[in-house]
Amino acid sequence: MIATLTVLSGPMFAGKTTALIRAVDAVVAKGDRAAVIVKPAMDNRYAESAIVTHDGAAHVAVPVSSARDVFAAVAAAGDGRPAHLFADEVQFMDRPWFEGDFHLAVHALLQAGHDVTCGGLDLDWRGLPFDVTARLLAMADHVTKLTARCAVTGAPAQKTYKRVVDGERVALGAAETYEPRSNHAWEGADRDPAGQRLVTAG
């Protein structure tokens with residue numbers, strides 16, 4: 001059987017980690033592959049060694065900071081069967097927090113017969129794609145684009161809105177820092193620090 005790559009993407013609060021945990025449980029219940037769960041070591045918002053949803057559901061995971069760590073986690077399954085790697089918050093599997101190229105590690109695992117399911121943000125708060133997620137989406141056999149509920153309109157939300165504008169692309173946080181917004185209600189980097197939309201002549 002040919003191994004496949006599935007990517008779960010969308011904004012914050014869209015249920016990506018929840019969907020990933022459900023996929024883990026399905027593989028464990030089926031029992032034909034070892035389930036290996038990894039997360040970026042730098043993301044310790046809720047736990048050091050677990051993936052955790054914003055509403056508190058959790059699953060034990062291996063924190064990784066390099067492609068070597070990912071390969072070691074899969075090898076540690078060690079029962080001779082192909083494994084199924086689950087990776088959460090893959091947008092952080094990149095420099096400066098991650099050594100090596102995560103998408104190339106995923107490719108190597110697929111070539112070796114291991115299925116891979118990844119979850120992560122597709123866009124940052126400015127509306128710009130995360131490189132790692134973009135590369136995985138381009139490679140994927142299956143893509144699920146999840147939406148949240150817009151904090152302004154209640155409509156499906158495709159974007160992540162940063163509540164305080166600053167120069168940082170990445171700031172670990174949850175509802176105190178970010179909220180989901182629909183395309184209609186979203187504003188990215190085109191705001192001044194007071195939260196007003198900047199008007200550009202031309």
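This is a predicted model: local features need pLDDT of at least 70, side-chain atom pairs count only at pLDDT 80 or more; totals for chains, interfaces and linings use all residues.
Hi everyone, let's begin with the backbone. The peptide bond running from R95 to P96 is cis, and its omega is near 10 degrees. If you want to find P96 on screen, look in the loop that connects β6 (83–87) with α3 (102–111).

Staying in that loop between β6 and α3, we also come across E89. E89 is not a glycine, yet its phi is positive, at about 50 degrees. Is E89 buried or exposed? Its relative accessibility is 13%, and since buried means under 20%, E89 counts as buried.

Now for another residue with a positive phi. F13 is not a glycine either, and its phi is about 70 degrees. You will find F13 in the loop between β1 (5–10) and α1 (16–30). F13 has a relative accessibility of 25%, so it counts as partly exposed.

On to the helices. Two packed helices are described by the angle between their axes and by the distance between those axes. Here, α2 (residues 67–77) packs with α3 at an angle of about 30 degrees, and the axes are 9 Å apart. Angles under 35 degrees count as roughly parallel, so α2 is roughly parallel to α3. The crossing of these two helices, α2 and α3, is right-handed.

Which residues meet there? From α2 we have A67, V70, F71 and V74, and they meet F102, A105, A108 and L109 of α3. Sorted by class, this contact of α2 with α3 has 8 nonpolar residues, with no polar and no charged ones.

Note on methods
Residues are numbered from 1 along each chain as its sequence is written. Side-chain values use heavy atoms; hydrogens and water are left out. Helices (H or I, at least four residues) and strands (E, at least two) are DSSP runs, numbered from the N terminus. Buried means under 20% relative accessible area, exposed over 50%, partly exposed in between (1.4 Å probe, protein chains only). Axes are lines fitted to C-alpha atoms, for helices over the stretch in contact, and angles run from 0 to 180 degrees between N-to-C directions. Angles under 35 degrees count as roughly parallel, over 145 as roughly antiparallel, 65 to 115 as roughly perpendicular and the rest as oblique. A crossing is left-handed if the near helix is turned anticlockwise from the far one by less than a right angle, and right-handed if clockwise. Contact means heavy atoms within 4.5 Å. Ala, Val, Leu, Ile, Met, Phe, Trp, Tyr, Cys and Pro count as nonpolar, Asp, Glu, Lys and Arg as charged, and the others, Gly among them, as polar.
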